[in-house]
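Reader: I would like a close look at one part of this model, beginning with a single residue and then widening the view to the elements elsewhere in the chain. Please take me through it in a connected way.

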Amino acid sequence: MPSITRSLQPAPANPASRLRLWAGGVALSLLVGGLLYLLTARELEQDAQSRFEVAAHDAQQRLASAVQSYTGVVRGLAALFEAGDEVTRVEFRRYVASLDLAHSLPALEAVSWAPWVQDARRDAFVASVRADRSIDPRGYPDFDIKPPGRRPGYAVITYMEPLEPYRDKFGNDIAANPAVVRALEESRDGGGISATSQPLQVSRPTPHIALGMRMPVYAGGEVPPTVQARRARYMGSAGVSFSVPALVERALEGYGPQVLALALYSAGPGKPAGPLAVARGDRLLYRSPAGPAGERFETVLPVDYNGILWKASFSALKKDMYAGFDRRLPWLALAAGFVATLLVYGLFVKLYWTGRGALAQRALLDTVLDNLDAYVYMKDRERRYRYVNAKAAAAFGRNAEQVPGMLDRELMPAGQADRLWARDEAVFALRRRVAEQIEFVHHDGSVHQLWSVRVPVVADGQVAAVLGVATDVTELHQLKAQADAANRAKSEFLSNMSHEIRTPMNSIIGMTHLARQAAQEPRLRDYLDKIRHSGQHLLGIINHLLDFSKIEAGKLELEELDVSLDQLMRNVGDQLEEAAAAKGLQLRFDVAPDLQRTLRGDPLRLEQVLLNFTGNAIKFSEGGVVGVSARSLAREDGHTLVCFEVRDQGIGIDPAELDKLFTPFHQADTSTTRRHGGTGLGLVISKQLAELMGGSVGVDSVPGQGSTFWFTARLADAGEAAAGPAQDSERVPTSIAGARILLVEDNVFSQQVGRELLELAGARVTVAANGSEALDMLACAPFDCVLMDLQMPVMDGIEATRRIRADAALRDTVVIAMTANASVEDRARCLAAGMNDFVTKPVAPEQLAETVARSLARRGQAAPARAASPAREKPTASAGLLDTTSLAAALGGDRDKMRKFAFLFLDSARERLAEIDVALASGDLERAAAAAHRIKSSARTVGANSFGLVCADLETQRERGALAQARALAARLRGLHARLERQIGAELGARATDTR
């Protein structure tokens with residue numbers, strides 16, 4: 001289903017308009033992408049150009065270094081001849097061999113010595129060379145100066161290494177070449193190295209270009225200062241020849257960028273003008289193999305060849321100088337620019353259309369909120385309304401446009417504004433959602449009950465405002481009040497009906513018991529037994545109705561006490577053995593060996609379910625055996641799941657009726673009902689009790705063969721200390737002979753029944769008709785026990801008990817409630833008032849005597865403890881915090897009941913404290929004081945005196961209007977509650993279900 005906000009979008013533009021809009025966006029995107037492409041390509045080309053220039057300069061430096069290396073050899077040779085008067089051929093060879101030129105300078109082809117020979121010494125010079133047998137024993141008989149002819153002087157290559165490859169050069173007069181002789185003369189006169197600029201084409205071993213360098217040698221070992229002196233002392237020249245390609249390739253061998261191409265030129269005559277470039281007169285010395293065609297970077301760099309300029313022309317393909325993905329980056333920039341521009345353009349287009357739709361959607365939202373049957377508002381920290389819908393504005397008597405920007409006190413009475421702000425302020429403080437019912441007075445004075453939900457509006461990590469939505473629940477509130485009243489009326493009706501029925505039932509059953517004790521005639525005793533049985537049956541029906549009502553209302557509470565399954569089975573047998581024997585049935589009980597231990601649960605409710613199942617089995621069986629068993633199904637987390645089964649050999653149940661058995665007021669069929677009777681509540685109560693105990697119920701049956709009813713219950717595992725002897729501690733005396741008992745009862749029949757039953761048990765009984773008479777009698781004479789009815793004229797039993805506990809002389813008196821009010825609430829009221837125990841009418845004579853005897857026995861055990869030591873009067877660290885004396889007196893010293901009642905108080909106090917916190921957060925002192933009042937009395941009952949005093953103090957803050965003091969007292973109560981919980985656990989023990 002489309003959302004409501006989508007239903008009011010602006011009408012779409014026509015296709016032509018949209019096409020033009022997007023065409024413009026594509027064009028703009030292409031333009032931006034193209035610009036990014038050009039800029040990126042330019043930057044990348046500049047980077048590549050820089051890398052090329054760096055590579056070219058590095059190669060230039062390598063070439064210059066290679067030239068310097070060969071120059072160094074020439075200078076070394078010159079130094080050799082200058083160091084002595086004469087260097088022999090052997091010494092020359094040894095020196096050259098020591099240089100290992102083949103490895104260090106492989107481009108070097110030959111090393112030579114050419115002495116300067118005057119024509120007058122020519123013949124002697126030739127004769128001396130021919131006669132030199134220092135290396136070749138034969139000498140050099142064919143040696144002669146070449147070319148032949150007489151000249152003023154000769155520069156004859158006399159020593160050469162290696163000699164054999166270049167023997168044809170042996171004896172050459174290099175001064176015969178005019179260009180060479182000019183270079184030699186310039187070198188001689190200048191004292192520097194002479195480098196040949198004219199390349200020589202050498203054919204061996206492969207055709208290549210070679211160059212040479214020569215350095216003059218002067219007698220005396222140093223360069224003379226003048227030209228005349230240099231000419232006079234000139235001895236000759238030492239020189240080398242080298243292969244230009246070998247020099248270049250050796251210099252650039254192993255160099256990284258193999259993409260560089262090199263053309264090496266020797267500059268022609270004349271000084272270059274402008275940027276260095278290859279000129280027409282330049283002579284090519286070397287060219288590297290031609291690379292693939294394409295756009296290239298080019299540069300010409302100078303290399304100094306001993307005063308002669310070499311031009312190194314470097315080039316490289318542009319694509320080879322780009323790194324990695326450089327060539328793709330312009331296209332990526334184009335794509336990124338296109339896409340990004342298109343996205344931004346699309347965003348602006350979207351914002352454009354969104355902007356057009358925003359007003360329409362805002363109008364729609366306002367329409368929806370204004371027609372919403374709820375009060376919607378937003379308020380900031382300054383108590384200023386930022387938004388209200390029409391309904392909220394109408395409550396202020398304004399329209400929705402007038403309210404935003406106004407303070408709450410400007411729109412409503414100050415008192416109401418402050419109360420509502422206190423609730424809003426709590427959202428700012430708690431930073432969480434708060435939902436509660438509030439009362440709101442419209443501008444016209446009408447009072448409305450609202451269910452308000454307020455949430456924090458967070459901006460930049462801070463709660464900037466509160467958004468509230470409130471629904472008018474005035475009608476629902478009225479219906480709830482009516483329902484609560486009806487529920488209270490129902491509870492009061494059940495309580496009153498229970499009281500009105502149980503009171504005469506008490507007389508009927510009690511009088512029957514008394515009459516049977518006096519009757520001697522068997523026939524009369526039989527009549528009385530039947531009356532008593534009918535009365536007990538009627539009482540069972542009443543109990544079923546009350547249990548069903550309590551379970552439906554969720555008010556039935558389970559106890560957790562020690563449970564012995566063996567004892568439980570014996571109790572069931574004791575109560576049903578006579579009924580089974582009357583029908584010729586055998587009762588058999590079986591408890592699994594692993595359950596022969598103490599467990600924790602509610603023995604009364606377990607027994608109730610077993611009695612119901614077993615009683616039904618006896619009722620619907622005519623013979624055979626009724627078996628009752630208990631076995632363990634599972635054990636985990638400190639609990640045991642126990643399955644109880646009741647098998648009979650009775651009439652069985654029709655399969656069609658099995659699914660309906662556990663529904664209220666249902667019997668298997670009408671004939672069975674007429675024959676056997678019953679309310680149809682027993683099984684449904686059993687089912688609900690089993691579920692309350694964490695289990696379930698079921699039945700298996702075959703008509704004519706019998707049925708098996710079963711239920712499961714989850715029982716806690718008791719500690720080892722609780723096993724065995726714990727049962728013996730529950731045994732108390734049942735004799736009340738000689739006890740002085742005050743019976744407080746307004747019904748004359750109940751007075752008679754109670755008096756005679758107690759007197760039959762040996763007690764001395766005095767009767768009072770109401771609580772006031774009882775107090776007067778207690779003031780005049782001591783009594784061991786008071787049996788107190790609850791509902792009486794003049795003064796009821798609750799008020800009378802409170803006054804007894806408040807009287808220092810009477811506070812230790814045992815008070816037992818004996819009332820027809822049998823609800824859990826009634827029992828709690830009695831214990832809270834300070835009563836020691838509780839019995840319901842009609843009461844069995846044995847139960848009455850046992851209850852009185854148990855309470856008297858507990859008082860007898862507690863009394864010495866109160867008088868045991870004077871040190872008791874010395875206050876302890878926790879005396880003001882918790883005094884269990886009054887609680888022990890009220891509950892007869894029963895620690896289980898004391899612990900249960902104390903923890904019930906803690907749970908109730910915890911709920912009230914939460915209620916106080918919510919009330920104070922909203923500034924509602926009335927509500928906080930009411931909650932404090934409710935827990936004050938309970939605190940004093942359990943002996944939490946300090947807690948009760950703080951509650952009383954908090955209650956008084958209502959009249960003072962001291963909100964800050966009330967909040968401080970509430971914080972103190974929370975601290976006392978935590979201390980009380982620890983103190984109660986230390987003195988009375990932790991409850992089994994308490995995990996805090």
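Author: The residue to begin with is Thr851, which is found in helix α22, a helix that covers residues 845–867. The model is a predicted one, and the description that follows should be read with that in mind. With a relative accessible area of 4%, Thr851 counts as buried, because the cut-off for that class is under 20%. When its neighbours within four places in sequence are left aside, the residues in contact with Thr851 are Ile816, Asp837 and Val839.

Among the contacts with a separation of 6 or more, 66% are accounted for by residues 24 or more positions apart.

A residue of another class is Gln586, which lies in strand β18, residues 585–591. Gln586 has a relative accessibility of 44%, and it is therefore partly exposed, since that class lies between 20% and 50%. Not counting residues up to four places away in sequence, Gln586 touches Gly624, Val625 and Val626. The side chain of Gln586 is also joined to the side chain of Arg588 by a polar contact of 3.1 Å. From Gln586 to Ile618 there are 32 residues in sequence, while the C-alpha to C-alpha distance between the two in space is 9.5 Å.

Ile618 leads on to a pair of helices, as it is one of the residues through which α14 meets α13. Helix α13 (residues 565–582) packs with helix α14 (residues 603–619) at an angle of about 30°, and their axes are 10 Å apart. The crossing in which α13 passes α14 is right-handed. On the α13 side the meeting residues are Leu568, Met569, Asn571, Val572, Gln575, Leu576, Ala579 and Ala580, and on the α14 side they are Pro603, Leu606, Glu607, Leu610, Leu611, Thr614, Gly615 and Ile618. Sorted by class, this contact of α13 with α14 has eleven nonpolar residues, four polar ones and one charged one.

A second pair of helices can be described in the same terms. Helix α26 (residues 945–960) and helix α27 (residues 963–988) pack at an angle of about 165°, with their axes 10 Å apart. Since angles over 145 degrees count as roughly antiparallel, that is the relation of α26 and α27 to each other. Here α26 passes α27 in a left-handed crossing. From α26 the contact draws on Ser946, Phe947, Val950, Cys951, Asp953, Leu954 and Gln957, and from α27 on Gln965, Ala966, Leu969, Arg972, Leu973, Leu976, His977 and Leu980. The residues of this contact of α26 with α27 divide into nine nonpolar, four polar and two charged.

The buried residues in α17 are Gly682, Leu683, Val684, Ile685, Ser686, Gln688, Leu689 and Ala690. Following α17 comes Gly694, whose phi is positive, near 80°.

Technical notes. Residues numbered from 1 in each chain as written. Predicted model: local features only at pLDDT ≥ 70, side-chain atom pairs only at ≥ 80, totals over all residues. Heavy atoms only, no water. Helix = DSSP H or I, 4+ residues; strand = E, 2+ residues; numbered from the N terminus. Buried < 20%, exposed > 50% of the residue type's maximum accessible area, 1.4 Å probe, protein only. Contact = heavy atoms within 4.5 Å. Polar contact = N/O pair within 3.5 Å; in protein donor to acceptor, adjacent residues only side chain to side chain. Axes fitted to C-alpha atoms, helices over the stretch in contact; angles between N-to-C directions. Left-handed = near helix turned anticlockwise from the far one by under 90°. Nonpolar A, V, L, I, M, F, W, Y, C, P; charged D, E, K, R; others polar. Parallel < 35°, antiparallel > 145°, perpendicular 65-115°, else oblique.
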